[in-house]
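User: I would like to go through this model with you, starting with its open spaces and then its charged pairs. Please give the cut-offs as we go.

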Amino acid sequence: VTRADPYAWMSPVDGEHPPELLAHLTAERGWYDLATGHLFSWASVVRSEMVGRVPEERRSGTWSRMRFSYYTRDARDRDYTVIWRESRNDFASPGAESSAQTASDDDFAGVRGPEVVLDVNTLDAGTGYLDLGLSIVSPDEQLLAYSVDTSGNEVFTLRFRDLRTGLDLPDVVEGVGYTGAWTSDPAGNLGFLYTVPDASWRHERVRAHRLGDAAATDVDVLVEPDRRYEVSVRRCRSEQAVVVLSECRDTSEAWYVDPTGADLVPRSLGGRRTGVMYRAEHVRDGDFLLVTDDDAVEFRLASCPVPGPGGQEHAAWREVRPEDPAERLERVDAFERYVVATLRRGGDRMLRVLAADDLPGPGTDVRSRFVGGEIRLARNTWYDAAAVAISDESHTEPVVHAEVILADGSVTDTHRDEAP
């Protein structure tokens, strides 16, 4: 079948747009400016009012790791965010002390007060577009992996910054996707897993980069040949597992990768069955938790052991919390002694804190304070946390950042965004 394309004349030739297209757009803009000139004064008033309602600064919620707590600040007079961190020994409340032990060779020993991790404004290349993709601190909190898109093509350039010096390493990896995960081999050499999109922007593969090596030597860890699927990769909060997920509209498969292994070979957690979806969360020194719709329309919670060489099929799964037809189980997040489930009931999103040793139990529900509100688990990177960060908002109320004490479900507000 031959189909005419009436817009083919607009396509670039040798990277340049046709002169007649540029002339048409220039004339169109000129006509618009002439036709709406009488509105310019009103537009200026409205713009001034809008700018006046924007807070001078907006701060995100906080996420903690072993030695530092991290957050972002967005200033009204700057286009992009700035990532900050503070030592957990002097963070938040006076007298609060971290359980982290300072090593004799700790390059951050004695660091006090806030310090900039990444000022995205300094990455502006003058192209008129800038987007920060991933930003992931290494397990030892000495390096930052970050990626930037300066073209709007949704393909990023990956770099690594030494947080001890504030300087980027020589490593540069072009053409990466949105997700990634740190690794380290038995010899202690750091590496990074990242996704790569194909020509149609489908994230089709996961590749491994070893710091200090040329990007041309990076190797494939997993390639998804089925064009219906896209892959993502993340390191679990337990720090003992990397999960690679390949997912389409109604089917998924997840693999375990040992982040400290020498081979980085993915091992399937349950194979792939058409119409069955599952996502995995790792429990430190234990099994994986799986949220799956296998024989459960509203999803149920299962577990499986860490797979051996060759992976495993779904026969290794065992149910730990059955489906509740009145609830939609969306995800679970594992911490040292608790598991936080995100679910919907009666149209409302809520959190349920479950004891790790009593996953079938009733748990403690945490609901939004607002009518029709949305409560969500915020960014939480510390597995041993006694409290988790949440955000609570509605269509008529600004975001409230708070902490939930896992032991009893009590909520303490940390700060509230200003209403524009």
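User: How much space lies in the largest pocket?
Analyst: About 1500 Å³ of space lies in the largest pocket. On a 1 Å grid over the protein atoms alone, a pocket is an open set of points with protein on both sides within 12 Å along at least five of seven lines, whereas a cavity is a set of points where a 1.4 Å probe fits but cannot get out. Lining residues have an atom within 4 Å of a point. Grid points are joined across faces, edges and corners, and a volume is the space filled by probe spheres set on the points. The model is predicted: local features need pLDDT of at least 70, side-chain atom pairs count only at pLDDT 80 or more, and totals for chains, interfaces and linings use all residues. Residues are numbered from 1 along each chain as its sequence is written, and side-chain values use heavy atoms, with hydrogens and water left out.

User: Which residues lie nearest the centre of that pocket?
Analyst: Arg-234, Arg-235, Arg-237, Arg-331 and Asp-333 lie nearest the centre, out of 44 lining residues. Elements giving two or more residues to this lining include β14 (230-235), β15 (242-247) and β22 (327-334). Strands here are DSSP runs of E with at least two residues, helices are runs of H or I with at least four, and both are numbered from the N terminus.

User: Which element gives the largest share of the lining, and how does the lining divide by class?
Analyst: The largest share comes from β22, with six residues. By class, the pocket lining has 22 nonpolar, nine polar and 13 charged residues. Ala, Val, Leu, Ile, Met, Phe, Trp, Tyr, Cys and Pro count as nonpolar, Asp, Glu, Lys and Arg as charged, and the others, Gly among them, as polar.

User: Next, salt bridges. How many does the structure hold?
Analyst: It holds 41 salt bridges, each being a side-chain nitrogen of Lys or Arg within 4 Å of a carboxyl oxygen of Asp or Glu. One of them pairs Arg-76 with Glu-56, the closest N and O atoms being 2.7 Å apart. Arg-76 lies in the loop between β3 (68-75) and β4 (82-87) and Glu-56 in the loop between α2 (40-53) and β1 (57-59), so this contact ties together parts that are 20 residues apart in sequence.

User: Are those two side chains buried or exposed?
Analyst: Arg-76 is partly exposed, at 35% relative accessible area, while Glu-56 is exposed, at 55%. Buried means under 20% relative accessible area, exposed over 50%, and partly exposed in between (1.4 Å probe, protein chains only).

User: What about Asp-384 and Arg-284?
Analyst: Asp-384 forms a salt bridge with Arg-284, with the closest N and O atoms 2.9 Å apart. Asp-384 lies in the loop between β26 (374-377) and β27 (387-393) and Arg-284 in the loop between β18 and β19, so the pair ties together parts that are 100 residues apart in sequence. Asp-384 is partly exposed, with 23% relative accessibility, and Arg-284 is partly exposed too, with 28%.

User: Which residues are linked in a network of salt bridges?
Analyst: Asp-198, Arg-202, Glu-204, Arg-205, Arg-207, Asp-220 and Arg-227 are linked in such a network.

User: Changing topic to the backbone: what is the phi of Glu-154, and where is that residue found?
Analyst: Glu-154 has a positive phi of about 60 degrees although it is not a glycine. Most residues other than glycine have a negative phi. Glu-154 is found in the loop between β7 (143-149) and β8 (156-162). Asp-295 also has a positive phi, of about 55 degrees, and is found in the loop between β19 and β20 (300-304). Asp-295 is exposed, with a relative accessible area of 73%.
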